[in-house]
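Work through the exercises below with the structure open. Each task is followed by a stepwise solution.

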6 protein chains.
Amino acid sequence: MPLLWSGYSLLYLEGQERAYTQDLGQAGSCLKIFSTMPFSYCNSASCKYASRNDKSYWLTTNRPVPMMPVAGGEIHQYISRCVVCEAPGPAVALHSQDSSVPSCPSGWQGLWIGYSFLMHTGSGDEGGGQSLTSPGSCLKDFRTQPFVECQGPRGTCHYFANIYSFWLTRVSYPEELGEAPPTQTLKAADQQRDRTSRCHVCMKR
Amino acid sequence: MPLLWSGYSLLYLEGQERAYTQDLGQAGSCLKIFSTMPFSYCNSASCKYASRNDKSYWLTTNRPVPMMPVAGGEIHQYISRCVVCEAPGPAVALHSQDSSVPSCPSGWQGLWIGYSFLMHTGSGDEGGGQSLTSPGSCLKDFRTQPFVECQGPRGTCHYFANIYSFWLTRVSYPEELGEAPPTQTLKAADQQRDRTSRCHVCMKR
Amino acid sequence: MPLLWSGYSLLYLEGQERAYTQDLGQAGSCLKIFSTMPFSYCNSASCKYASRNDKSYWLTTNRPVPMMPVAGGEIHQYISRCVVCEAPGPAVALHSQDSSVPSCPSGWQGLWIGYSFLMHTGSGDEGGGQSLTSPGSCLKDFRTQPFVECQGPRGTCHYFANIYSFWLTRVSYPEELGEAPPTQTLKAADQQRDRTSRCHVCMKR
Amino acid sequence: MPLLWSGYSLLYLEGQERAYTQDLGQAGSCLKIFSTMPFSYCNSASCKYASRNDKSYWLTTNRPVPMMPVAGGEIHQYISRCVVCEAPGPAVALHSQDSSVPSCPSGWQGLWIGYSFLMHTGSGDEGGGQSLTSPGSCLKDFRTQPFVECQGPRGTCHYFANIYSFWLTRVSYPEELGEAPPTQTLKAADQQRDRTSRCHVCMKR
Amino acid sequence: MPLLWSGYSLLYLEGQERAYTQDLGQAGSCLKIFSTMPFSYCNSASCKYASRNDKSYWLTTNRPVPMMPVAGGEIHQYISRCVVCEAPGPAVALHSQDSSVPSCPSGWQGLWIGYSFLMHTGSGDEGGGQSLTSPGSCLKDFRTQPFVECQGPRGTCHYFANIYSFWLTRVSYPEELGEAPPTQTLKAADQQRDRTSRCHVCMKR
Amino acid sequence: MPLLWSGYSLLYLEGQERAYTQDLGQAGSCLKIFSTMPFSYCNSASCKYASRNDKSYWLTTNRPVPMMPVAGGEIHQYISRCVVCEAPGPAVALHSQDSSVPSCPSGWQGLWIGYSFLMHTGSGDEGGGQSLTSPGSCLKDFRTQPFVECQGPRGTCHYFANIYSFWLTRVSYPEELGEAPPTQTLKAADQQRDRTSRCHVCMKR
């Protein structure tokens, strides 16, 4: 598939405590240039840049998470890279809601398999989600913190404990019948992965 | 059109008092398996399942609404079923903003007619909407409560009085000129339907 | 391209202090009939129209902004017009994040160039954004207040100082390296335009 | 006790979708003059009055609730009256959490008995509560809708179905032991009253 | 009255996009030491200080408002000073809702006269209000921006256009009868002051 | 001081995702009977009890925090007890903003010393704070999680990682001058305590 551009995987930008999440399956989530502060805001009187506490959120690489805020050139290694290609047909995600990987329908070609990513929250009460149709709802790897928060005007990025990710789970038989599901807290990475629904991104040939 | 899968009509999932609404015109709103609690959430320390007050919202069937919460196998009869098919071309919704059904453009084929569904709210201040381009903004039938709230960890579903649905209306001539519209409260189902804009879902041939 | 319909550019409708923003690059943001109050809301008991403080937000024309609320037939001249056409292929927006206009990839045809519009807020804590893939994220002209708020049940429209628009900016070299960006307040229209990222809407041939 | 002034019982004022609730046990909740729109708001540029969708909420009398919005001189009969007196000592509310009325401690004199009012919500996600120490948490009568919403700039008042009141309940023995309480929906006024905690307002002699 | 301490007039502290407003009539709003960042926050894992975008809001002096953010030692001259004294009796605010200053009841002594301050909003959807009983609801001077926002971790303070103050107004006769009040926008300082309710803080002798 | 009653230390009750926090320095925060679900809510149609996801939050004892939700009779040992006494004079909190304990003014008697507790957040975007004048802003012991969340209708209580407490800190000299404070993350309990402002609750003799 012909390459259109490469860039950095933007999840969302937050200004004035408002956010709008990009669809990770669309080209708009791949910004050519990385900056902790890639936007300004305006009212009738003026435009302001880096004057308040605006934030940006980015998908991250698999590098071990540092304890302290990261600044300057150090940041780039933690930000996930992306490419935008021209696809011959539409691509959609299929979710199994169990531990098997769903097959692509006939006439469709598999692009990648992954884990069913539903939604996220960042600071305050902002957050967003992914359309379960979009390839952006099928992340190749499962991690409890797949993205990082950057404090725009300070030029730093950091992982916070009150950042949450939400994932579709495997549905077992009693729950399928509508029974009250048992409460669970999973701390082992294996168990967490095991509990998560699998998905397949397929492209129309 | 070839069938890809059948399932249950998911409107949205709410976790930690955050929600993300699915587009009812896309495949992601049709989950293969029904569960009141089909997801978990994670932070850096752990993943939790059914441990707090998470919710799911589903389109409902036309069965009369029960007074008390419904649990277990009883729930399935109230949840709307769906199928995902592979369409030969894109489908869009057209809204008339009056009582006539809009015609499909030439070269487009009608799939169904309905009522113009705009937006909804559930518990707290969460909710969402539909793109007015999407077939999901054109529901075949008009009902004041087209969806139900399920309390995930308890395995029950219930209709609440503070669940709202929002619909495009017919615009009469004085309002079209920008006059202040008269306040109205409609209690009869006939009047409610009459006041609502009609729509048509059309598919490119 | 064959014309499907013409109308008025709707940004979003807000009811019960909840809002859902339309994608300005899709047909659903072009309503055939203008009304300050084009919707009603329902719960199990009844449907209400124009009974509370609902609002609608619309893209505006370039006419100078009046100081006082506008009512009746006066409103139409401030509301941006739109047309919906049947396009032979998909259209996407490309954003440069600098002052040059990005070129369309080979095999794609330019439709218009503009400024990179990200997000907006209206009254209270409601607002929304545009997918950066959508043509709706590339507005032909840069204005600090590209839209207006209409108070539905009163039939008036007005510009408020706490309505904000958010725009992608040019990223200069130090910020690209992750340095803390300097705070800026821009009051001159030229400077504001200069600081804003350019974009190009391209259509697959 | 010497009378300081008489007035109308204000619960709260909401502007720009923000609200601040008055303590019903303090003099500030008794406004001398009733108006649906008793305030304005300012930013650095200007002050605005009645220009947006501001609201006021007032305690109501026992008159039967009308179906349609009330306007003009008709409103006064639905708004609860109040007097502010100079008390010789502090007054506090005592709550029993069962069906008996708590006795005043020795050296304290009973002023009135009532029902334990905790909290309320109005439109959107605004609302507020009462300190359980304050006489304002002990309303003489139990009603499911003890207050009304007035749409300031329109000069009308109306009861909405998504206005909620919250009340302390009687705690029965199993719940006291921490057992999961059974779900209940009470429609009869007698049952509703029965389930509600009683209170006594006492004044230090 | 004996002086207990002097300090700086704190309006509220905002952390994690949550705020709690101090009563300006109580000692807790007078902090001995000024700092843009006087607090930290903790969860089970750790405490963090100055790591995110926390803010503090302070009453200001009458100095002309600077255009750009103020930093370092420059800030102190804009922050209102306060003293906490031991009063012989309780002090309350009386509001006239017209242009006359209310008289203190007999046996009460006037402390100061002012303008009726109701409520404020800062960034995002946070804000708070004053009890109308409290002396904090009667500010000696009327200003459209009586407080300033400090960005804690950056050590700067700045006036923003979306900071609002809310004031009780004079109620004229038609509004008192419940008529819909006319919309007004007041730009002249004289007119703004004229429209605002007067108040008197009185102390029991 | 004569005992009025003893009970359990309520921080706040949350219903329909709205909360109202009690002042921990007032009698209303000491409920005679403990229950995970001590309230119901009503609209015009009916009152509901334990039907949705309501919550209660309580101050806790020093017992080590369990990993899993606690239910039934097990809960009581984690909930802080309280007594309400009739005090001969008013009590206020004094905060030092450094590591020394502030002295009570002459004529006032010390009741207890502690740490300066400002504010808290629970689930979603709800939370609240304490007046810094109130004895409730001076907790005897410093703990990063001084309160617990109970899921009302399920009858369980649990510590969640996104529950936050906010504390006044010691202000060092550079910050006092308005310099940007250095970011800190404190994991050791000693350091956390050290960084927190001290307070003294004093009662007028």
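**Exercise 1. Strand pairing across the chains**

Task: Which strand of chain B does β16(A) join, and in which direction do the two run?

Solution. This is a predicted model. Start with β16(A): three bridges join β16(A) to β5(B), residues 47-49. The two strands run antiparallel. A:Leu186 stands opposite B:Cys47.

**Exercise 2. Extent of the contact**

Task: How many residues does each chain bring to the contact, and about how much area is buried?

Solution. Count the residues by chain. Chain A provides 47 and chain B provides 41. Next, take the area. The two chains bury about 3,700 Å² between them. Carbon and sulfur atoms account for 57% of that area.

**Exercise 3. Charged and polar pairs**

Task: Which residues form the salt bridge between the chains?

Solution. Begin with the count: there is one salt bridge between chain A and chain B. Its partners are B:Glu86 and A:Lys204. Their closest N and O atoms lie 2.8 Å apart, and the cut-off is 4 Å, so the pair qualifies. Then turn to polar contacts. The count is 19 residue pairs between the chains, with both residues at pLDDT 80 or more.

**Exercise 4. The chain A side**

Task: Which element gives the most residues to the side of chain A that touches chain B?

Solution. List the elements that supply at least two residues each; among them are β9, β10, β15, α1 and α2 of chain A. β15(A) gives the most, with five residues. Finally, sort this side by residue class: 20 nonpolar, 19 polar and eight charged.

How values were computed
Residues numbered from 1 in each chain as written. Chains lettered and ligands numbered in written order. Predicted model: local features only at pLDDT ≥ 70, side-chain atom pairs only at ≥ 80, totals over all residues. Heavy atoms only, no water. Contact = heavy atoms within 4.5 Å. Buried area = accessible area lost by both parts, 1.4 Å probe. Salt bridge = Lys/Arg side-chain N within 4 Å of Asp/Glu carboxyl O. Polar contact = N/O pair within 3.5 Å; in protein donor to acceptor, adjacent residues only side chain to side chain. Helix = DSSP H or I, 4+ residues; strand = E, 2+ residues; numbered from the N terminus. Nonpolar A, V, L, I, M, F, W, Y, C, P; charged D, E, K, R; others polar. Pairing = 2+ DSSP bridges.
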